[in-house]
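New page in the notebook today.

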Amino acid sequence: MESCRRAGVSGLLCSLSLLCVLLDIQLDGVLGATHVEIEHHLEMGRKLLAAGQLAEALSHYHSAVEGDSKNYLTFYKRAAVFLAMGKSKSALPDLTRAIELKPDFLAARLQRGNILLKQGNTQEAREDFEAVLQRSPDNEEANQQLMKTNELEELQEEAHAAYHQGDYSTTISVLERAIEISPWDPESRELRAECYIRMGDPQKAIQDLTPTTRLRNDNRAAFLKLSLLHYSLGEHHESLNHIRECLKLDQDDKECFSHYKLVKKLSKQLDSAEELIQEERYQDAIDKYESVMKTDPNVLYYTNLAKERICFCLVKLKLATEAIDVCSEAHQRDPRNANILKDRAEAYILNQDYEKAVEDYQEAREFDGDSNDIREGLERAQKLLKISRKRDYYKILGVSRSANKQEIIKAYRKLAQQWHPDNFQSEAEKKEAEKKFIDIASAKEVLTDPEMRQKFDAGEDPLDPENQQGGGGGQRGWPFHFNPFESGSSFHFKFEYN
């Protein structure tokens with residue numbers, strides 16, 4: 001202040017002058033510290049990047065950029081971390097800022113051009129490669145990438161021309177090479193997906209559309225199309241997940257919300273129906289699947305699924321006739337479905353139609369040869385068919401399996417008198433009576449002999465030539481020691497009671 005007075009300067013001006021000097025001293029200290037901090041962040045970022053700790057390296061580069069927004073190398077190094085993390089879209093702004101700060105920074109231009117080429121942006125990629133070649137005509141990478149840029153443009157034009165001509169196979173073939181050059185280009189993948197859809201291959205369309213949801217910002221159209229494709233394939237849970245992603249981007253999107261309501265309702269019904277089956281509430285499950293067919297009758301898959309599961313439930317309810325009808329309709333809709341054939345086979349077994357059960361199990365095995373259920377079911381159906389072709393001597397006499405010898409002989413006498421051929425007049429009636437009479441006599445023979453009865457109870461017919469020792473295949477012996485029905489015989493029938 002004394003020096004100010006000697007210089008003839010007023011007190012206020014002198015105070016302001018001193019304040020400015022003090023501020024300059026403090027700012028120099030702050031700026032010096034900031035520079036040290038920036039260098040520390042850059043060094044840590046470099047070390048962590050080399051160690052593969054990308055998230056930690058990125059954090060240090062963020063701090064370095066905030067500390068010095070005029071250093072082109074800081075932006076370039078952060079872009080390198082983004083690229084190492086697979087975040088090319090985040091790297092682009094940093095590379096652009098580095099080029100703005102240093103227009104002759106060829107490494108940044110080359111890197112940006114490579115990203116733009118992979119994104120399918122041929123015009124801007126060409127500008128970067130040409131800028132590099134203007135300053136460095138012998139740059140080998142820039143020359144090669146410029147050639148790829150020209151090739152990509154030609155491929156894009158060829159693909160669109162083939163698509164508009166309806167030549168989807170050629171379009172797909174051309175786009176395969178285009179996508180090799182520009183794997184991050186959503187348009188090429190979307191066009192190829194459309195070709196797959198038109199050629200009836202929705203699974204491959206899904207494979208192409210899925211990455212486009214990340215390659216394009218706010219790609220609600222892709223989420224909606226993915227949801228529709230999964231829905232058409234019966235993959236209702238995946239469909240619901242994709243349509244929810246669309247609504248996350250815009251909850252007021254009318255198309256997405258409309259489809260969301262449908263998928264949510266149908267998915268809930270299908271899940272509920274399967275839970276009812278797990279709980280063995282088969283009639284309730286049938287009712288729920290009837291509702292599924294009403295919710296969306298336009299998608300073939302869900303009607304087919306409903307018919308298949310209703311067929312299964314009817315078998316579980318042992319409603320053979322209804323099950324055969326529904327299973328047959330389901331089989332017509334989906335002829336190669338092994339589950340439907342298996343369920344219809346079980347319905348035929350319930351109906352004691354073992355031949356058809358064997359046929360269905362054999363056909364099911366053609367479509368699913370590794371299924372243990374089908375193998376075991378076929379073996380069971382074949383066994384039941386074999387048993388059904390043999391005579392059941394208990395049924396013939398109308399007695400229970402626990403009947404004693406006296407009850408068996410009593411039943412035999414009654415039926416033998418009823419079916420004696422002399423009781424019938426016409427030749428047809430006599431032949432039918434003869435057959436019945438033979439079966440009655442055979443039943444009495446087997447069931448009154450303890451050894452033969454034991455064999456029959458074990459599943460073996462002791463009067464079947466195949467089961468007799470010696471093989472011979474000769475005529476079975478009669479309990480009356482003669483065949484009363486041989487041609488030309490004249491006899492008076494006498495019962496053998498013992």
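I started with Cys313: its relative accessible area is 0%, so I put it down as buried (under 20% relative accessible area; exposed is over 50%, partly exposed in between, with a 1.4 Å probe and protein chains only). Cys313 is in no disulfide, a disulfide being a pair of cysteine sulfur atoms within 2.5 Å. The nearest cysteine sulfur to Cys313 is that of Cys311, 9.0 Å away.

A note on what I'm reading: this is a predicted model, where local features need pLDDT of at least 70, side-chain atom pairs count only at pLDDT 80 or more, and totals for chains, interfaces and linings use all residues. Residues are numbered from 1 along each chain as its sequence is written, and side-chain values use heavy atoms, leaving out hydrogens and water.

How many disulfides does the structure hold? I found 2.

Entry one is Cys246 with Cys256, sulfur atoms 1.9 Å apart. Cys246 sits in helix α13 (residues 236-249) and Cys256 in helix α14 (residues 254-278), so the pair ties together parts 10 residues apart in sequence. Helices here are DSSP runs (H or I, at least four residues), numbered from the N terminus. The S-S torsion of Cys246 and Cys256 is about 80°, so I logged a right-handed disulfide. Both Cys246 and Cys256 are buried.

Entry two is Cys311 with Cys327, sulfur atoms also 1.9 Å apart. This pair links Cys311 in helix α16 (residues 300-316) to Cys327 in helix α17 (residues 320-333), 16 residues apart. Their S-S torsion is about 90°, so this disulfide is right-handed. Cys311 is buried at 0% relative accessible area, and Cys327 is buried at 0% too.

Methods
Helix = DSSP H or I, 4+ residues; strand = E, 2+ residues; numbered from the N terminus.
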